[in-house]
Amino acid sequence: MAQMTMIQAITDALRIELKNDENVLVFGEDVGKNGGVFRATEGLQDEFGEKRVFDTPLAESAINGLAIGLALEGFRPVPEIQFFGFVYETMDAINGQMARMRYRSGNTESAPITIRSPFGGGVNTPELHADSLEGLIAQQPGVKVVIPSTPYDAKGLLLASIRDNDPVVFLEHMKLYRSFRGEVPEEEYTIELGKADVKREGKDVTIVTYGAMVHSALKAAEQLEKENIDLEVIDLRTVSPIDYETIIESVQKTNRVVVVQEAQRQAGIAANVAAEIQERAILHLEAPVIRVTAPDTVYPFSEAEKAWLPNDKDIIEKVKYVLNF
Amino acid sequence: MTKKRHESLGLSDEQVIEMYKMMLLARKVDERMWLLNRAGKIPFVISCQGQEAAQVGASFALNRDEDYVAPYYRDLGVVLAFGMTARELMLAAFAKAEDPNSGGRQMPSHFGQKKNRILTGSSPVTTQVPHAVGVGLAAKMEEKEIVSFVTLGEGSSNQGDFHEGLNFAGVHKLPVITMVENNGYAISVPLDKQLACESIADRGIGYGMPGISVDGNDPLKVYEVVKNARERAINGEGPTLIEARTARFTAHSSDDDDSTYRDMQEVEKARENDPILTFATYLKEADVLTDDSLKEIDDALKKIVNEATDYAENAPFAEPESALKYVYEE
């Protein structure tokens, strides 16, 4: 099996689907000749031509708006938004238009579009490059939000996203792009959307998380193992809609939960997860559902981001809190 | 004898009669909706009145069996010309389950119908422009001999999506025809508070496409410029921006009172140049129609509108539970 970085796994998935389905189109700012600012689309224009992989003018609303027109004509667009902080320029096209296409047309139209976009902190990019804005999209029914945490997941989830008949926002954490390699099968495979993955089985405390925080949680689990504390780490993989069944099943086993997200406390996914757990499983809980998040301030400048972002130490602290509650 | 104007455009008597009928039907459906609204039977109306010549003249210049349209909420004349029926429009006005636009889910006049290639729109204005550009790009890639026709009000021509969309269409020389129906008002804001240039058509040069301003009260003039724009598009010469100068005969919507912001004499003056009346006069002078045949048309359309109203009023609403359906593929 090949060893790939996440960015290689993403390029691999795009190449496979461009080859498989002539209706797949890849476009965005600098994705053509330049191969994307992170090289996710490197070599794809040479291989598939300018009709299938093309640069757009610098205009985010047009990128996703024309994706809708293309989708209505039978194409399967995979546009890129260069940094997810720029999504504010095109929120209407996503939450206001493509997410509602199936609903408002009474199921006569759909918008099978996969918007890829880098996001996430810890790589010295400033605000609006690093912001975790998945919560904005997750508020809107009709669009799915997928966030892979490993190269293997990235390939399988991206292929599933492109093949999905509803719009998907596929968020790629910049810190995970090249920080490690993982085993990735060379052949094609998909990972079901809307299903969480238990990345580590354990019996004492459940950690529910996604994206780069999966790795912080696994790091915390490694350290806590030395103290005979056994964490179960659930990677949501799809943050909208959320696989609550897997979460509740785990909570019923461990009776203690810490929900971890990189986004600010008032944003993101964790509040919903916590609320749903207490509604569905309060009698199984031995402690309050605790959240580990970034503070409710604007994403900071690079020198401060280490202190600002949640990390494995924060997770360990909260795990001990729920154990000793 | 010199050729009549419609003949020199290649239009037969039958075709201009059809145009006239379509304009009048749009007007009559619209007028009926106001009555129903004032009687408390339907919640909302937003009108085409005053803009029918531009809408129908343009539509007849397109291939109505193959081209795509991305209309805006005043385009009753466009969607009728593209095959939506008076009955279907009334079903939407009453928000009934059988409404082909959305099954009663969208606001009235948010037109959309897959089988007639009418793209469904959104409530924030101008979102239809990038959609139409996407369809234009699809047509170019698939080497189809079709155009994508998008309409909007002049107020919408100030939105970012107008500029982003037209720029893309210009860069890629797409078969997209953009027609701005300039009725002089963005709800209450008059033209001189909306743009600093003389005409919307002036904006074409910024996107590398011709900008043409045309009298939107004359369906034949609009027909001619759209026909030429379509030929350019099909020949691979790229997009065209058209401004059709029109007037809005009604308030912005059934929830608006325009007497608070404009002199109503201005509307009366515009009505003197009502495109439906002036086109009827032309058709009589051209010996295409007579007073008798005009009356026959009027009576026949009245019947259609009555039938459409009765049918829609009696049609069932969607089941409330159906509001939970079609969020994702089922």
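Predicted model: local features only at pLDDT ≥ 70, side-chain atom pairs only at ≥ 80, totals over all residues.
A salt bridge is taken here as a side-chain nitrogen of Lys or Arg within 4 Å of a carboxyl oxygen of Asp or Glu.

Chain A is divided into domain 1, spanning residues 2–184, and domain 2, spanning residues 197–324. Their C-alpha centres lie 26 Å apart. At the boundary, 27 residues of domain 1 of chain A are in contact with 22 residues of domain 2 of chain A. About 1900 Å² is buried between these two domains, and carbon and sulfur atoms give 55% of this area. Ser132(A), Ile147(A) and Ser149(A) supply 22% of what domain 1 of chain A buries against domain 2 of chain A, more than any other three residues.

Between domain 1 and domain 2 of chain A the count is 2 salt bridges, and 14 residue pairs are found in polar contact across this interface. Helix H6 (134–138), strand E6 (144–146) and helix H7 (151–163) of chain A each supply at least two residues of the domain 1 side. By class, that side has 12 nonpolar, 10 polar and 5 charged residues. The side chains of Arg237(A) and Asp153(A) meet in a salt bridge with an N to O distance of 2.9 Å. Both residues belong to a network of salt bridges that also links Asp197(A), Lys199(A) and Asp235(A).

Thr238(A) is found in strand E12 (residues 238–240) of chain A. With a relative accessible area of 0%, Thr238(A) is buried. A polar atom of the Thr238(A) side chain lies 2.8 Å from the backbone nitrogen of Gly194(A). Beyond residues up to four places away in sequence, Thr238(A) touches Val145(A), Val146(A), Leu193(A), Gly194(A) and Lys195(A).

Two further salt bridges in chain A involve buried residues. Asp166(A) pairs with Arg102(A), the closest N and O atoms being 2.8 Å apart. Because Asp166(A) lies in the loop between H7 and strand E7 (168–173) of chain A and Arg102(A) in helix H5 (residues 101–104) of chain A, the pair ties together parts that are 64 residues apart in sequence. Asp166(A) is buried at 2% relative accessibility, and Arg102(A) is likewise buried at 8%. The side chains of Lys144(A) and Asp164(A) meet in a salt bridge at 3.0 Å, N to O. This pair links strand E6 of chain A to the loop between H7 and E7 of chain A, 20 residues apart; both Lys144(A) and Asp164(A) are buried.

Turning to the chain interface, 35 residues of chain B are in contact with 38 residues of chain A. The two chains bury about 3100 Å² between them, 60% of it on carbon and sulfur atoms. Met141(B), Tyr326(B) and Tyr328(B) supply 21% of the area that chain B buries against chain A, more than any other three residues. Across this interface, 17 residue pairs are in polar contact. The largest share of the chain B side, 7 residues, comes from H6(B); by class, this side has 14 nonpolar, 12 polar and 9 charged residues.

The count between chain B and chain A is 3 salt bridges. Among them, Lys114(B) and Glu109(A) meet at 3.4 Å, N to O, and Glu143(B) and Lys51(A) at 3.8 Å, N to O. The latter pair joins the loop between H6 and strand E2 (148–153) of chain B to the loop between helix H2 (44–48) and strand E3 (53–55) of chain A. Glu143(B) is exposed at 65% relative accessibility, whereas Lys51(A) is partly exposed at 45%.

Conventions. Residues numbered from 1 in each chain as written. Chains lettered and ligands numbered in written order. Heavy atoms only, no water. Contact = heavy atoms within 4.5 Å. Buried area = accessible area lost by both parts, 1.4 Å probe. Polar contact = N/O pair within 3.5 Å; in protein donor to acceptor, adjacent residues only side chain to side chain. Helix = DSSP H or I, 4+ residues; strand = E, 2+ residues; numbered from the N terminus. Nonpolar A, V, L, I, M, F, W, Y, C, P; charged D, E, K, R; others polar. Domains from an automatic or database assignment. Buried < 20%, exposed > 50% of the residue type's maximum accessible area, 1.4 Å probe, protein only.
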